[in-house]
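User: I am new to this structure and would like to go through it in short questions. Please show it to me before we start.

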Amino acid sequence: MTAIAIFPIPNCVAFPGTLFPLHVFEPRYRQLVRYCLETETPLAVCHVTKLLRPGPEGQTRDEALNSNQATYKPVSIASAGRCELTQELEDGRMLVNVHVEQRYRLTSERQSLPFLVYEGEHFEDRQLNPQESAQAEQVKEKVLQRLLAITHDEPAAQELLSSSAWQDKSPTDFAFELFGLLHMNGDIMQHILEMDSPIDRMQQALDLLNR
């Protein structure tokens, strides 16, 4: 089991292999960032299942910086990784990058205040047989070709997708990191995150792109 610090944000789903930037202003989440930096605890940015307590309304900027906002219940499958503080502003706000590395199943709550810490166990894909591995390569190629077609008038995207860094990714890595480029409804993204096969994730992406 691994201790995972939780940053629940509605409609935010992080995938392994991606970089997730955060603008942190609530007092409890500034504490959370410091805790992660000091203890090297992985930080999970995750979607939510429900609102537990609404945030205050009509706040000034200073009031928002000095009070906690809405409280949410996190999903049970989340991705987490190393927290990096890139800048701390004069008013206390933090700019943070989360280097997302691994999926976890959140099994039990270890701490609720001032921020959430859960026990988590690694959530891995099922092993592919040789036939499925070949199929994964084929689906990966279809997704790449579709993305190149969609971004034909965007030189930066074309350069990225045509680079060896993207062309040579394994299907497993590609099937995660792909979703650092695509932005969809949080419930759909969460459903994809919880799939246990890179083929299923890429096929879902392909279906959505073809629509």
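User: Which residues touch the most other members of the largest nonpolar core?

Analyst: This is a predicted model, in which local features need pLDDT of at least 70, side-chain atom pairs count only at pLDDT 80 or more, and totals for chains, interfaces and linings use all residues. Residues are numbered from 1 along each chain as its sequence is written, and side-chain values use heavy atoms, with hydrogens and water left out. A nonpolar core is a set of buried Ala, Val, Leu, Ile, Met, Phe, Trp, Tyr and Cys residues joined through side-chain atoms within 4.5 Å, where buried means under 20% relative accessible area (1.4 Å probe, protein chains only). The largest such core has 27 residues, and those touching the most other members are Phe-15, Val-143, Leu-178 and Phe-179.

User: Which helix supplies the largest share of this core?

Analyst: Helices are DSSP runs of H or I with at least four residues, strands are runs of E with at least two, and both are numbered from the N terminus. At least two core residues come from each of H3 (130-150), H6, H7 and H8 (198-210). The largest share, six residues, is that of H3.

User: How many residues apart in sequence are the parts that Phe-15 and Phe-179 tie together?

Analyst: Phe-15 and Phe-179 form a stacked aromatic pair, with 4.8 Å centre to centre and 20 degrees between the planes; rings of Phe, Tyr and Trp (its six-membered ring) pair if their centres lie within 6.5 Å, and planes under 30 degrees apart count as stacked. Phe-15 counts as buried because its relative accessibility is 1%, and Phe-179 is buried at 3%. Phe-15 lies in the loop between S1 and S2 (19-24), and Phe-179 in the loop between H6 (171-177) and H7 (186-193), so the parts they tie together are apart in sequence by 164 residues.

User: Is Arg-28 buried or exposed?

Analyst: Arg-28 is placed in helix H1 (residues 27-39). Its relative accessibility is 7%, so Arg-28 counts as buried.

User: Which side chain makes a polar contact with the side chain of Arg-28?

Analyst: A polar contact is a pair of N or O atoms within 3.5 Å; within protein, one must be able to donate a hydrogen and the other to accept it, and residues adjacent in sequence count only if both atoms are side-chain atoms. The Arg-28 side chain reaches the backbone oxygen of Ala-70 at 2.6 Å. At 3.0 Å, the side-chain partner of Arg-28 is Thr-71.

Key. Buried < 20%, exposed > 50% of the residue type's maximum accessible area, 1.4 Å probe, protein only. Phe/Tyr/Trp six-rings, centres within 6.5 Å; stacked < 30°, edge-to-face > 60°.
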